[in-house]
Amino acid sequence: MQQFDFETLADAAPIDFGTPYHPEHTVLAGAQLHLKTAPCILKALEQRVRSGLFGWTASDVPQYLDAVRGWMEQVRGWNIQRDWIVPSYGTLQAISAAIRAFTKQGDGIIVQSPAYVLYDRVIRNTGRKKICNPLIYENGCYRMDFDGLETLMAKPENCLMILCNPHNPIMDYWEREDLKRVASLASRYGVLVVADEIFAEHVFADMPMTPYATLEEAMGNCIVCTSLGKSFNFTGTSHANIIIPEEHLRERYRRQRDEDHYGSLSPFMYTAVLAAYTPQGKAWIDALLAFVEENIRLVREFFARYLPQAVICRHRAGSLIWVDLRACGTQEQIDRLFAKANITVDDGSQYGKEGEGFVRLQLGIPREELTRTLSRLLNAGREIKMIA
């Protein structure tokens, strides 16, 4: 396997990232990796910078659209057409545009909690109502509540659903049969599905996960969000490729998007997409997942040995893990443990009441940094008597 640098803590570079780095404090919060992106992207961006030209960059260039098409076919097993691709200013902007285009003030937007926290902001800022269909949690795994989903979809004011796959924060993906049931219900009740699939490249499986729009029942009634954000650690950029197979949906979405997007791509994202969506980019992702898998194994061993009451939920995608700590102590004790160890984590309660007592941990960090962090966690746990 090709060697890549996963041992440099990118945050430690002498650059103002907006988040201060300290060697005795570890940030396991947030969805961004603490690793450099793929070398093929870095090389391409360096060439772009040396050109000195950062002007208007058209979004309908065949070379760009073909890069997206080729990646979707070769990596996701999804055959798309050029004209399905609508570049947008980020996934959240795209979801906002879809909500504004296809719903009206006061309508309900269905999400399945625990759910990505910024969906709340988008729904609130567009003047719509968040309608929760909580996932069912059993023995460290989640499943959809289809009875609850049908009840909500049957109400005409709930006319759009945000489907996250792989689902953030639990970091598991939905099986094909689950997606077919969602699509069948959405078709029956006229609910538009916005599928957020920006973690799709990070699935730990021999076969890619099922893209929602490949289902016959879904193809004419969905908007799919794709991005370099999670796959190549570009979460700080405002760019996404939205894929809409159905022509009338696409044109209606495009008109809404054009209220704040006038056809130019970021020249850096144009360059990054062309460099990322290549065999070299795929090789980096494969190596990243192998590296992260070992980090996850180390964390599983740590919890099994020192905090056996903790449950690491079924994890089949990405560098984030979702941990049930409710049996380890009170919320105050859990907060104190991580604070004592100088570790920042994502408190599960921010993902809805269903996340209370859980934490989300980012394990896309260098191995040496992880082992130091676990050592501090062990010492803190012993000091406050949570670990024997």
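Guide: Gladly! Let's start with β8 and strand β9 (residues 222–226), which pair in the parallel sense over 4 bridges. Across that pairing, V193 stands opposite C222 in β9. This is a predicted model, where local features need pLDDT of at least 70 and side-chain atom pairs count only at pLDDT 80 or more, while totals for chains, interfaces and linings use all residues. Residues are numbered from 1 along each chain as its sequence is written, and side-chain values use heavy atoms, leaving out hydrogens and water.

Visitor: What does pairing mean in general?

Guide: Strands of a sheet pair through backbone hydrogen bonds, either parallel or antiparallel. Here, two strands pair if DSSP finds at least two bridges between them. Strands (E, at least two residues) and helices (H or I, at least four) are DSSP runs, numbered from the N terminus.

Visitor: Which strand pairs with β8 over 5 bridges?

Guide: That is strand β7 (residues 158–164), again in the parallel sense. L160 has L192 in β8 as its bridge partner. From β7 the chain crosses through helix α6 (residues 176–189) to β8, in a right-handed β-α-β crossover; with the strands pointing away from you, the path from the first strand over the helix to the second runs clockwise.

Visitor: Why is β8 described as largely enclosed?

Guide: Because 5 of the 5 residues of β8 (residues 192–196) are buried, meaning under 20% relative accessible area with a 1.4 Å probe, protein chains only. L192, V194 and D196 point one way, V193 and A195 the other.

Visitor: Where can I find antiparallel pairing?

Guide: Look at strand β12 (residues 320–324) and strand β15 (residues 358–362), with 5 bridges. I321 stands opposite L361 in β15.

Notes
Buried means under 20% relative accessible area, exposed over 50%, partly exposed in between (1.4 Å probe, protein chains only).
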